[in-house]
Amino acid sequence: MKFRKYLRGSRRVLAFVFVASVIWLLFDIAALRMSFNDVSQDLKEREFAQKQGRRKDDIEDMGFKHPLQPVNVDKGTFIKKGNRFDRKVKDVYRRGAKARQETNDLARNHLNGGKAYKEDSNRSNVLITMKSVVKEIIIIPEKNNETKTMKAKMIGTHLDDDEEHHRNNTVVKSHKDVGKHENLVNKLLKPGNDESDINIDSTEIHSSNKTHFIQKPTELILRGPSEEAAMLFNSTDVRMRRSGRLHKIMALDVTDRPRDPKAIGQFGQPAKVPRDKEVESRRRWGEGHFNVFLSDQIPVDRAIPDTRPHLCSESLVHDDLPTTSVIFCFVDEVWSTLLRSVHSVLNRSPPHLLKEVILVDDCSTKDYLKEQLDVYMSQFSKVRIIRLKERQGLIRARIAGADAATGEVLTFLDSHVECNIGWLEPLLERVRLDHRKVVCPVIEVINDKDMSYMLVDNFQRGIFRWPLVFGWSALTEEYIKKNQMTDSDPIRCPVMAGGLFSIDKKYFYELGSYDPGLDVWGGENMEISFKIWMCGGEIEIIPCSRVGHIFRGDNPYKFPKDRVKTVERNLARVAEVWLDDYKEIFYSHGYHHLLDKSITDIGNLTEQIQLREKLKCKSFKWYLDNVYPDLNAPLVKADGLIFNVGTRKCLIFQNGSLSFDKCDLSNKSQHFSYTWLMLLRHNTSCVASREMHVIMEPCDNIKPHQHWVHKSGGVLVEHLMMEGHSQPMCLEAEVNSDGILLKGCDPINTLQKWQFTHYYTQ
Ligand code: LR7
Ligand code: MN
């Protein structure tokens with residue numbers, strides 16, 4: 001009886017255990033399905049969002065959105081209020097500014113008191129501000145034999161020959177009056193000189209083989225003839241070329257005394273829709289995906305606040321800047337915003353630098369953009385209109401504009417912008433300095449609802465996240481401190497936003513312009529950014545140049561083909577040409593379906609690949625290491641040995657077959673990697689399933705039977721599960737034969753658990 005009772009009890013326990021395990025298993029399978037579903041749901045949602053044109057949300061999610069600050073206007077003078085700097089950044093900025101101010105004052109006093117400038121009253125007084133790294137200061141007397149000693153004195157060490165200077169891109173100028181500057185220069189260069197008038201920390205003076213460099217960004221204001229001062233301070237910002245003289249950035253603004261100060265939206269202030277116009281305003285929203293009604297009320301030549309950092313108005317640029325052609329491509333742009341864009345360029349650009357404004361009509365459908373536009377623009381001799389016979393998309397439209405341009409520099413702008421005061425010269429200055437610098441203004445925000453002009457936080461740079469999504473990210477405090485940056489210093493950007501930039505025309509063509517195979521919209525900013533960096537150029541944001549842009553929630557024009565397909569095809573072209581093996585990371589972030597080229601035709605890439613070879617461009621790895629080191633981009637997800645938890649042995653591929661062996665890190669046959677595209681790779685061979693067997697075959701990303709799901713967390717952690725089976729199937733070690741098999745997944749079976757030596761990502 002007792003026994004029976006016991007048995008009954010144990011049967012109950014057994015039954016309970018049985019039911020519990022079945023439930024457990026069911027849960028596991030359901031959870032597994034769910035996690036599959038999670039991934040595909042995620043992708044579906046993204047696609048859906050894209051299809052819905054829910055760009056704004058995406059954009060905000062991806063960090064596209066600028067941190068904004070409203071600008072208030074006080075009695076006609078523009079005052080920035082409520083600057084919302086991050087507190088710490090603000091402190092850094094303030095400290096930097098204070099230190100620089102002291103340095104400036106000292107330098108100014110020193111020079112004003114110094115004989116060199118007092119003696120000659122005929123010399124015009126020029127204020128020179130140099131805010132960048134003073135690399136080297138060299139003054140060379142006319143007589144050749146004196147040169148060496150002089151140089152030696154100046155830079156505190158001996159130089160063998162002139163090569164040194166040229167190698168450092170230093171322009172050496174002869175000067176008769178060396179003695180007069182010697183004192184200052186010596187003070188600048190003498191490490192740890194306490195009596196120095198100019199307060200340069202001795203630790204900042206580094207000694208390379210032969211030359212001392214002052215590596216501290218130094219801003220010195222010198223009063224004296226521009227040429228001499230510039231010669232004294234041969235900085236990366238100010239470098240003598242030809243006989244380039246300098247002048248302060250022109251604060252040219254035809255609209256600074258607006259015709260109607262009380263006009264709606266004047267001075268960039270928010271405009272308000274009157275009650276009785278709300279319906280109309282809502283109705284017209286779709287014409288541009290911003291408040292078209294208000295835009296039409298605002299003067300086309302309204303004034304906007306000067307939002308530049310305060311140092312900008314004192315900055316000097318060269319007299320002999322290159323000219324530029326401003327190119328606006330547009331399709332079905334709203335009349336008032338297009339006009340405001342053009343007026344802002346005409347009104348706020350030095351006329352001698354503005355060669356022309358080219359409007360490229362990308363086959364718009366709106367009537368007002370035809371004859372009416374021709375008539376309106378005919379009053380401006382500098383404005384030319386090019387009409388494309390077929391819709392080309394913004395990329396080929398830009399190429400058409402560039403082909404027609406006659407200026408030395410091309411400046412591309414979107415057709416719904418407002419260029420701010422002094423926007424152009426700082427851009428051209430950088431291109432003049434180095435024709436391979438491609439420069440962008442700070443892109444400020446014209447509010448889509450009230451059309452107010454809003455300034456953005458400082459120290460923002462353009463970056464991308466996977467899968468090649470553009471975004472903004474603030475420079476770290478550490479970076480700002482380390483480089484002693486002020487808010488007006490150029491900011492190096494891994495990628496540009498795309499719509500607003502200046503580029504030397506010759507260089508644009510040297511780079512093969514844009515890939516003309518890119519269609520309509522999207523991805524071209526990635527293409528040109530990678531091309532620029534990898535083929536010898538640089539991308540910078542120039543904080544002294546500011547342009548407002550209307551960020552719109554949706555494109556107000558039609559896409560000739562499917563929008564999502566167009567953009568992803570463009571991105572795949574860019575990935576194929578520029579990303580080397582890293583393109584796998586791109587495809588793995590929701591773009592697996594683009595891998596099968598028999599399904600998605602991304603077009604011919606031969607010319608683009610040849611171009612990259614011809615230009616001897618660097619690798620994407622180089623780009624990651626040097627331009628964008630903070631991007632997490634491991635080439636594979638995991639690698640090393642694959643350890644089986646149950647057998648405590650490692651997978652080995654030898655003599656054409658897979659088996660197990662004692663783990664040995666030095667044995668190359670045991671080295672595998674787990675790729676972004678879910679392959680288990682050993683050199684060019686990959687683990688594949690054939691029915692219930694496991695074999696090795698040449699890797700092929702698009703074969704589902706080579707795809708293994710391997711997770712470091714959640715259900716079936718550490719399993720290697722075959723993708724695409726109706727039942728979850730997992731890799732299992734066979735203890736007896738040292739072979740491996742495909743078996744139904746079992747969450748607790750340690751023979752199905754695998755661990756890589758290194759994991760690089762979650
Ligand atoms: O088929 C087209 N033909 C055109 O001429 C499609 C567009 N266009 C014109 C259009 O009228 C506009 O003037 O091209 C310009 C850019 O199109 P937008 O304004 O619809 O683009 P966007 O501002 O939404 O998108 C950004 O990304 C694009 C990707 O291809 C381009 O690079 C845009 O120039 C770019 N805009 C900016 O960089 C502005 C700042 C945005 C940020 C951050
Ligand atoms: Mn735009």
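1. Let's start with helix α20, residues 606-614, where Q608, L611 and R612 are buried (under 20% relative accessible area with a 1.4 Å probe, protein chains only). These three sit on the same side of α20, because they cover an arc of only 100° around the axis, taken from the directions to the C-beta atoms. Helices here are DSSP runs of H or I, at least four residues long, and strands are E runs of at least two, numbered from the N terminus.

2. Now look at the opposite face of α20: E607, E613 and K614 are exposed there (over 50%). The buried residues pack against α17 (524-534), α18 (563-578) and α21 (620-626), with contact meaning heavy atoms within 4.5 Å.

3. A word of care: this is a predicted model, in which local features need pLDDT of at least 70 and side-chain atom pairs 80 or more, while totals for chains, interfaces and linings use all residues. Residues are numbered from 1 along each chain, and side-chain values use heavy atoms, without hydrogens and water. The mean pLDDT (the predictor's confidence in each residue, from 0 to 100) is 76, but pLDDT stays under 50 over residues 72-243. Where pLDDT is low, the predicted coordinates should not be read in detail.

4. Finally, visit ligand 1. An oxygen atom of ligand 1 is 2.8 Å from a side-chain N or O atom of D414, and a backbone N or O atom of G522 lies 2.6 Å from a ligand oxygen. Taken alone, ligand 1 exposes 810 Å², of which the protein buries 96% (Shrake-Rupley method, 1.4 Å probe).

Note on methods:
Chains are lettered from A and ligands numbered from 1 in the order in which they are written. A polar contact is a pair of N or O atoms within 3.5 Å; within protein, one must be able to donate a hydrogen and the other to accept it, and residues adjacent in sequence count only if both atoms are side-chain atoms.
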